[in-house]
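Biologist: I am new to this structure and would enjoy a guided close look at one part of it. Could you pick a loop, then lead me on from there?

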Amino acid sequence: MNQTEKKSYSLEIISYYTGYIVLISSSLMAIPALTSLMFKEWNPLLDFIISMTVSLAAGLALVMFGMRMKKEKPDVQWKHGFAVAALSWLILTVLCAMPYWLSGHMKSYLDACFDVMSGFTTTGVVLLQDLDHISNGLNMWRHILTFIGGQGMVVLALTFLVKETGGAYKMYVGEGKDIELVPNVKGTTRQIWKISMIYLLVGTAVLWVIGIAIGLKPVSAILHAIYIFESSWSTGGFAPNTQNIMYYHSLIYETAAMVIFILGSFNFGLHYAIWHGKRKEIIKNIETQSFFITSFLTVILALAGLARLNVYPDAVAGFRRVVFNVLSAHTTTGFGSIYARQFALEWGDFGIMIMVIAMLIGGSACSTAGGIKGLRVGIVCKGLIMDIKKLLSSERRMKVYKFHHIKDQILSEGAIKSAAIIIICYIATFGVGTLLGTYYGYPLADSAFESASITGNVGLSIGVTAPGMPAAMKVYYIIAMYLGRLEFLSVFALIGYLFGGVKKVCANYRER
């Protein structure tokens, strides 16, 4: 096979699997279409019919281009798997923005793509106009996007594989996941969806009962329960109303949502292990250790800082306004129990800095959460302790250092280096976003807060994200959300593939 044939073969592989993911994900538009039909929302129904037709046609065209991949066992390499994951997200962002644009609630198609990427990446910031009066169909679509995005479109598509393929794992890793719950990828993706769907049934039922208890009508209560669960579990932060979680005026509702988003921020492997009787994982796992330490410290520091400013008068207010928001930031959920500008006007620079740190750290790897991840923070901290111990110990004494993440693993230089590189990428992305915000005239604290929220896929806003902000910031925020959710590697691989340098990227990843 000559060079031209190899390039054509690679394009067909990427096209076929990208088209497959687009077809599976686009078919989900049937759910909001049915929702619109139930509530007799005829214009939104037409919007979804048009959008689904165009999206399915695009997916089918991509599959047809690579049709020979169906007839033979393709040699799917790391470059193909990573490129498929990264490219499918971009194509789906453009296609899934159509219902937003057709609804008339967006100022531009760029704004529509912004909101879709925010949903897919479980970020939760919005540019949508008049949120309180959008259709039930569009609201359902918004929350489906963030629910699917939390698990991953590739994870969804691989769940429906007829039979295992050699490239499935490479596409799975390309979407920022590497946990193996069972020996094969298809089985793992199905376990992820099984976990999510069981929590969906239980969590929605709990929120529905609470919703009725606080005065919502049964139909409204079930819709809100679905929306809030999907956003909580996927740590997405979308809400059906502009007041976000404050709309419910209920401590019980907020607490239930908080329990759900903390659970959602934990590794799927941890859920699977606990469900199979390994309850000690909660204590032994490096991620839960990291999460409880960093969340405790950020909550205590935020409470101390705001107590000094006398912002909240009692313990209940402190819990609802401080603990809730810090944990929402730390789990990268983005539900806000105060208005955006209150962060700037009431929390002060110290409070904002604590929130920035919490948002950048984020939740667990292989969960629905974003951010740097507790696993990487734990590995780097343990690596630092390991180096200090080595310096203080005898040179003759050789000791193997380990950490526990589902199973005991060796704390190698490669693992520490890999974690450090991703942390540097997150900090660099955050730094560029902060610089861009200050360039356009936003205060430094506001720019840092918003950039941390975008980079960590959090969704809390200090008031910077708005339809009227510069287009360059919208584009950069879309890129930052995209990079943060896919954890850089697959995006770098796609760029490398486009520019012919993907071999080096994938070789480096395999070595790590």
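**From a loop to a helix**

Modeller: T235 lies in the loop between α12 (218–233) and α13 (251–264); helices here are DSSP runs of H or I with at least four residues, strands are E runs of at least two, and both are numbered from the N terminus. Before we go on, this is a predicted model, in which local features need pLDDT of at least 70, side-chain atom pairs count only at pLDDT 80 or more, and totals for chains, interfaces and linings use all residues. Residues are numbered from 1 along each chain as its sequence is written, and side-chain values use heavy atoms, leaving out hydrogens and water.

What is the phi of T235? The value is near 45°, which is positive in a residue other than glycine. As background, most residues other than glycine have a negative phi. T235 is also buried, at 0% relative accessibility (buried means under 20% relative accessible area, exposed over 50%, and partly exposed in between, with a 1.4 Å probe and protein chains only).

T122 has a positive phi too, near 55°. This residue sits in the loop between α7 (109–120) and α8 (136–151), and T122 is buried, with a relative accessible area of 0%.

A positive phi also turns up in a hairpin made by β1 and β2, where 1 residue lies between the strands and I406 in the turn has a phi of about 70°. Strands β1 (residues 402–405) and β2 (residues 407–410) run antiparallel and are joined by 4 bridges; two strands pair if DSSP finds at least two bridges between them. K402, for instance, has I410 in β2 as its bridge partner.

Helix α22 (residues 444–455) has 12 residues and reaches 16 Å from its first C-alpha to its last, close to the 16 Å expected, where the expected span is 1.5 Å times one less than the number of residues. Is α22 mostly covered or mostly open? It is mostly covered, with 10 of its 12 residues buried, among them F449 and I454. What covers these buried residues includes α18 (340–346), α19 (348–361), α21 (413–439) and α23 (471–486), with contact meaning heavy atoms within 4.5 Å.
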